[in-house]
Amino acid sequence: MEKKIEIEAGKSLEDVVNILLDAKEKGERAFCEFNGHILHSNDISMDSAFLEVVGCTKAEHDQKIKDYLENYEQEIKSREEREEEYLQKVEDSRGQEKIIITKEAVINGLKYIAENQNTTQDELIDGLLQLGCNFTLDDINDQFPESINLIDGMKTGALSCGATVIANMRDSDLGRDYGTIRFLNNDNDTSIYHFIRILTGDETYTKENIDISYR
């Protein structure tokens, strides 16, 4: 009679195959369920199990994992190198005078981000720097030492929070991705559009109205 082996949470497919192979070696007929697949000890092999469950042999699966990890590590390294270049651009644009973050710079910077969502990161940085948005997170903290939650500040039009969104989206690929999802994809009470309406009083500045300006 074939018995069912209960598999503990966290066991890998390789673990499961080895359990069934051990049962087979002992002359036991057993089966277990793994990710919706029923595997039997009498006809189990590592490759047959991998082919059924993941669609390739174990060696092919291991190579895919290895390639993925290598590509992931390379992407992290490449991103870090790009972001070092971004920060250097900002540093090169700064003179000796103390940076003062102004309402005008924050408005212009956020408008540039909202109206140029299809630009490359380098183009975004260059555009923001030309508008005087060369302040860093340290500058923001120095000028606005009071602690304000970013989301709350975007709701109320806090200058430090608008500047923080600019700096994060300018200096980091991930920061730009997050800012796009959180502050640009929807026109709500935490969006860049809402923030600009608060600071300018221009109620016509909406996502819908500037969609035609995307470049």
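Let's start with the lining of the largest pocket: L137, I140, N141, F144, P145, E146, S147, I148, L150, S160, C161 and T164. Helix 6 (137-143) and helix 8 (159-171) are the elements that give two or more residues to that lining. A pocket here is an open set of points on a 1 Å grid over the protein atoms alone, where a 1.4 Å probe fits, with protein on both sides within 12 Å along at least five of seven lines; lining residues have an atom within 4 Å of a point. Helices are DSSP runs of H or I, at least four residues; strands are runs of E, at least two; both are numbered from the N terminus.

This is a predicted model: local features need pLDDT of at least 70, side-chain atom pairs count only at pLDDT 80 or more, and totals for chains, interfaces and linings use all residues. Residues are numbered from 1 along each chain as its sequence is written, and side-chain values use heavy atoms, without hydrogens and water.

What is the volume of the largest pocket? About 180 Å³, the space filled by probe spheres set on the points, which are joined across faces, edges and corners.

Strands pair if DSSP finds at least two bridges between them. Strand 1 runs parallel to strand 2 (residues 30-34), over 2 bridges. K4 stands opposite F31 in strand 2.
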